[in-house]
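Hello,

Here is the structure we talked about passing on. Please open it first, then read the notes below.

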Amino acid sequence: MTDRPLPLALRALDALGQRATYVVDSLGRFGTFLGQALATILTPPFKFWAFIDRIHYIGYRSLLIIVLTGGFTGMVLGLQVYLTLVRFGSEAYLGPAVALSLIRELGPVLAALMVTGRAGSALTAEIGIMRITEQIDALTVMALNPLRYLVAPSILAGLVTFPLMTAIFDVVGIFGGYLVGVELLGLSQGTYFGEMQTFVDMQDIMTGFWKSLSFGVVVTWVCTYKGFNVGHGAEGVAKATTDAVVLSSVLILVWDYFMGSVLP
Amino acid sequence: MIKVQGLTKSFGRQQVLRGLDLEVPTGSITVIIGRSGGGKSVLLKHLIGLLHPDAGRVLVDGVEITGLRGRALDEIRQRYGVVFQGGALFDSMRCAENVAFPLREKLHLPRPEIVRRVEAALHQVGLEGMGAKYPAEISGGMRKRVAIARALVTEPEIVFFDEPTTGLDPILVNTIHHLILDLHQKFRFTAVMVSHEIPEIFEIADTVAMLHEGRIAEVGPPPAIQASSNPVVRQFIRGEPENAEGR
Ligand SMILES: Nc1ncnc2c1ncn2[C@@H]1O[C@H](COP(=O)(O)OP(=O)(O)OP(=O)(O)O)[C@@H](O)[C@H]1O
Ligand SMILES: [Mg+2]
């Protein structure tokens, strides 16, 4: 803060500098937050029941939406890919085409987006409300680390549930593709699954696995961070929730491209 | 002994504390009074290390806590009990679990001992049988009492109360005040209490401090405050409207 008003020419520069400092500062706090949370994961005591509760919160409660979106994604894929392949007379490859797109790309990404919408936003709102009603301060003054109780269990639960949700999404999606391709469009069942076994190898599955694992960290990290650093009042919680979902979604897509270009 | 020296705190352009000095002797009950929005909660948050001052120091038994972070600060907080203005109950837990929480997580007591102490604590605040309810299912006054039970159940050395009786009916105000007095006689904790209950607090306070415009305008035993010649204090404890002074 300067006491004398700056010359007009410098004001823009000043604003830019402040903006840059702010961004760097926020990034630093964002990173430190994860570091501190990981530190509480690695040191005892471990809050086992909080961890189980978070698995229920993030995983079990997102199950229905995962099954629903997984099924329809598979069906859409089945139909569209069939219509494309049939032009080249290679509709026999419908099975591997559906399976590979699901396992390598769509499964991890769409499952992560769905869990973000279903559980990530709720996580931010819950922690945000705990912040503005001083429940987090109450933990702090009990000499207990709120990160250990609220953030660490969520991140660990993200690591466990995201790969599981992705696996469920993939399986239901492949079945959706089967429904359309085999039951509706008359492809033979043997072709659909047989070609799949030929073309999908472990490496594809591992690609999807690593992706979903990292999305689990990214989403729970962003959502708990936004909840922890909520603004004032109900409006602050609303904004934090929106921010958390938007930032998580963007990071999922950016990180997915990055992983896709690094992983085999 | 808690010692506050030259405490200064601003939020943006708004200066809330302006070089505040205060001493809280060990084992005494000190009540802080002052206008709503005057910075009483802000002062309390500095004492418990939730806010860090722009200038000045807070010393607890000679240890400066203003610069402390992490584990060193937690060591001081181990001795604290805090009743927040809004109660700050964990709303995902039942009332009994709220009271049990510090016993389990902080003191690591065995389960039967926790159950016994929680029942006794809820009984003391007149809430026996309400333990199974969630904070959202009980009245504001009941939440306050659960918060008091949670703060005192660990038998802390130093207790901070932020308006523990605001919003309670007159009978409950006296009940809570007597409860605090009883427990104080039993455990001899040091208490810092923010309260608007005038004149009731004059019966339980050892020292009353009036916060005005970011400083302590007057501090002393209740009779001295009641007989004060300071117009700010007189106006406040008589509840005269703001423009009455000039007439
Ligand atoms: N975190 C904060 N950020 C910005 N301003 C704050 C913050 N906390 C408190 N203030 C401001 O500080 C001033 C003092 O607030 P405080 O809560 O201490 O009042 P109080 O004396 O406890 O009032 P009451 O008796 O109504 O509880 C208020 O004007 C408030 O706007
Ligand atoms: Mg207050």
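This is a predicted model: local features need pLDDT of at least 70, side-chain atom pairs count only at pLDDT 80 or more; totals for chains, interfaces and linings use all residues.

A:Asp243 is partly exposed, as its relative accessibility is 27%. The side chains of A:Lys239 and A:Asp243 form a salt bridge, 2.9 Å from N to O. Both residues sit in helix 9 of chain A. They are four residues apart, which is about one turn of the helix.

A:Asp256 makes another salt bridge, this one with A:Lys211. The closest N and O atoms are 2.9 Å apart. A:Asp256 belongs to helix 9 (residues 233–262) of chain A and A:Lys211 to helix 8 of chain A, so the pair ties together parts that lie 45 residues apart in sequence. Are these two partners buried or exposed? A:Asp256 has 8% relative accessibility, under the 20% cut-off, so A:Asp256 counts as buried. A:Lys211 is buried too, at 1%.

**Other salt bridges**

A:Arg54 pairs with A:Asp53. Their closest N and O atoms are 3.2 Å apart. A:Arg54 is buried, with a relative accessible area of 11%. A:Asp53 is partly exposed, at 37% relative accessibility. Over all chains, the structure holds 17 salt bridges.

**Chain A overall**

Chain A has nine helices and zero strands. From the N terminus on, its elements therefore read α-α-α-α-α-α-α-α-α. The C-alpha atoms fill a box of roughly 75 × 55 × 35 Å along the principal axes. Chain A has 264 residues, and buried residues make up 45% of them. Now take the contacts in chain A with a separation of 6 or more. Residues 24 or more positions apart account for 83% of these.

**Helix 1 of chain A**

Helix 1 of chain A covers residues 8–42, which is 35 residues.

**Between the chains**

The interface takes 19 residues from chain B and 15 residues from chain A. Together the two chains bury about 1,500 Å². Of that area, 64% is on carbon and sulfur atoms. Which three residues supply more than any other three of the area that chain B buries against chain A? They are B:Phe84, B:Phe90 and B:Glu105, with 30% of that area.

Two salt bridges cross the interface of chain B and chain A. B:Lys45 and A:Glu134 meet in a salt bridge, at 3.0 Å from N to O.

**Domains of chain B**

Chain B is divided into two parts. Domain 1 takes in 2–79 + 160–246, and domain 2 takes in 91–156. The contact between them uses 16 residues from domain 1 of chain B and ten residues from domain 2 of chain B. Their C-alpha centres lie 25 Å apart. The two domains bury about 1,200 Å² between them. Carbon and sulfur atoms carry 69% of that area. How many salt bridges are there between domain 1 and domain 2 of chain B? The count is zero.

**Cysteines**

The count of disulfides over all chains is zero. A:Cys223 is buried, at 0% relative accessibility. B:Cys95 is buried as well, with a relative accessible area of 1%.

Best wishes

Note on methods
Residues are numbered from 1 along each chain as its sequence is written. Chains are lettered from A and ligands numbered from 1 in the order in which they are written. Side-chain values use heavy atoms; hydrogens and water are left out. A disulfide is a pair of cysteine sulfur atoms within 2.5 Å. Buried means under 20% relative accessible area, exposed over 50%, partly exposed in between (1.4 Å probe, protein chains only). Helices (H or I, at least four residues) and strands (E, at least two) are DSSP runs, numbered from the N terminus. The expected span of a helix is 1.5 Å times one less than its number of residues. Domain bounds come from an automatic or database domain assignment. Contact means heavy atoms within 4.5 Å. Buried area is the accessible area (1.4 Å probe) that two parts lose on being put together, summed over both. A salt bridge is a side-chain nitrogen of Lys or Arg within 4 Å of a carboxyl oxygen of Asp or Glu.
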